[in-house]
Amino acid sequence: MSVLSAALIAFFSAIGFQLLQKNIVYTLIAFAILFLISYVIIMSLFKRVIFQKIKLIYKLIYTTKASKREEIFYRYVLPQKSIEETEAEVKRWAEQRNTEIESLRSMEIYRREFLQNFSHEIKTPIFAIQGYVDILLNGEIEDPETSKKFLINANKNIERMVLLMNDIDEISRLESGTQKLNYSNFIIQDLIREVFESFAFQTTEKKVRCSIKKNCESPVAVHADKEKIRQVLNNLVTNAIKYGKEESTILAGIYRTDDQHILIEITDDGPGISEEHLPRIFERFYRTDRARTRDKGGTGLGLSICKHIIEAHGQTIHARSKVDVGTTVGFTLAAK
């Protein structure tokens, strides 16, 4: 723009000079001098005006106060940058801000859903306790056995609230990294058998058969926090029993994916989970069927705790499922 503007000024001035002097040599000299003078003046004006605007843009897009080094940059380096370079930087800043805004928007939606779900989960036991206590305080129940039954039910709801708060507290510790992991080497099949045995009463009652898959019995050592992995397996087996049908089967598969990782899968032949719910089953309080699953008990945080425990180990967890076929939840652990 400076060159074009200077050329136009010099050209029209030279035409006027030629009309007055009628000397082509003087006219060319005048054109050259006028062009250089115009170029220098226009260029300095452009720098002063445009780059002052660019400096203002930089002040707007950067939220921190400029240091001495940044002041040197604004004064000496910035004027050397082309408009294209500055435009690219502003675009990068805009993209970064858009990403931050989207992230904040997602977090806001997640926070709102979490508060709504937590409020819904906590209201049920609170209202139940309030109802039992009000009846007992009003003296409407004279039968000692009925009063005792009401107190037992109120206590069960208190235990549910305590369990809920403990689960939320554990997730918070895992997320913040304050929950220390006690690593050790152990045989994963032995731990799975211990977990299966701990559910013997429930599995016998529902005629559920728990076993390790064929060709997966050979001992495989893993490096992890044994008690935390026990908790993961407990949650997965609990869900398989709770939501499964009678006379069903729960199978555990252990596979060496490579020299560094072991894949553990817990598979059931229960009702399964529809495809639209699968991406969200590890979210806090997420239930595929609120009415049905709440009747089964639990806090709705079991799979979320599993996810946080596995991720705290630096590993991954996933789920595969099909309605009326069953569900498989798998997670990886470090091989010994």
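1. A salt bridge is taken here as a side-chain nitrogen of Lys or Arg within 4 Å of a carboxyl oxygen of Asp or Glu. The model is predicted, so that local features need pLDDT of at least 70 and side-chain atom pairs count only at pLDDT 80 or more, while totals for chains, interfaces and linings use all residues. Residues are numbered from 1 along each chain as its sequence is written, and side-chain values use heavy atoms, with hydrogens and water left out.

2. A search of the whole structure gives 6 salt bridges. One of them joins Arg280 to Glu283, with an N to O distance of 2.9 Å. Arg280 is partly exposed at 29% relative accessibility, and Glu283 is also partly exposed, at 25% (buried means under 20% relative accessible area, exposed over 50%, partly exposed in between, with a 1.4 Å probe and protein chains only).

3. Asp190 and Arg193 pair through their side chains in a salt bridge of 3.5 Å, N to O. Both belong to helix H6 (residues 188–198), where a spacing of 3 residues separates them by about one helical turn; helices (H or I, at least four residues) are DSSP runs numbered from the N terminus. Asp190 is partly exposed at 41%, as is Arg193 at 34%.

4. In helix H10 (residues 302–312), Lys307 and Glu311 lie 4 residues apart, about one turn of the helix. Salt bridges that share partners also link Glu194, Glu227 and Arg230 into one network. The closest N and O atoms of the Glu311 and Lys307 salt bridge are 3.1 Å apart.

Key:
Helices (H or I, at least four residues) and strands (E, at least two) are DSSP runs, numbered from the N terminus.
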